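Welcome! Please take a look at the structure below, and then we can walk through one part of it together.

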Amino acid sequence: MTKPSLTDELRQLLPQELRDAPPVQRVAELEQAAARAQTEREFLERAPREGLLYPADALKLEDLHACLGKAPDRATGLNEYFAALRASRPWLFARTQVAPTQKLADHEPDPERLRRHMTHGALTRQLQAVRVRRR
């Protein structure tokens, strides 16, 4: 059983003649806006994990709320939305999927190579040569 909305609870508490008053309608509008914002926040949090490069553009190209309105729950709706985006607009997604636990660099830096380029307190040889010339 779904939890009744705040607007529904408010309408049940009010007398019949006040149930469709402008303040109640305003509460309903604010509640819908908050639900839409929550849905968009969930989408934006999940977008990097899906490999979506430009989430704001995706929101403008496809109607997220229409897709979620057809789904039985929010998670299923988001899955369908990302599947539809991936099928219709693949350029919005990264070409290679990188697991979040995968290291960006799989190898250790070569210490000898670093030593050749760095001297005396991490200054390059070119900078050392400029300092010698200025003295």
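Helix H2 covers residues 22-50, and its 29 residues reach 41 Å from the first C-alpha to the last, close to the 42 Å expected at 1.5 Å a residue. Helices here are DSSP runs (H or I) of at least four residues, numbered from the N terminus. The expected span is 1.5 Å times one less than the number of residues.

This is a predicted model, in which local features need pLDDT of at least 70 and side-chain atom pairs count only at pLDDT 80 or more, while totals for chains, interfaces and linings use all residues. Residues are numbered from 1 along each chain as its sequence is written, and side-chain values use heavy atoms, with hydrogens and water left out.

How do H1 and H2 meet, and at what angle? They pack at about 165°, with their axes 9 Å apart. Axes are lines fitted to C-alpha atoms over the stretch in contact, and angles run from 0 to 180 degrees between N-to-C directions. H1 and H2 are therefore roughly antiparallel (an angle over 145 degrees). Leu6, Thr7, Leu10 and Arg11 of H1 make the contact with Val24, Val27, Ala28 and Glu31 of H2, where contact means heavy atoms within 4.5 Å.

Just after H2, Gly51 takes a positive phi of about 90°.

Notes: Helices (H or I, at least four residues) and strands (E, at least two) are DSSP runs, numbered from the N terminus. Angles under 35 degrees count as roughly parallel, over 145 as roughly antiparallel, 65 to 115 as roughly perpendicular and the rest as oblique.
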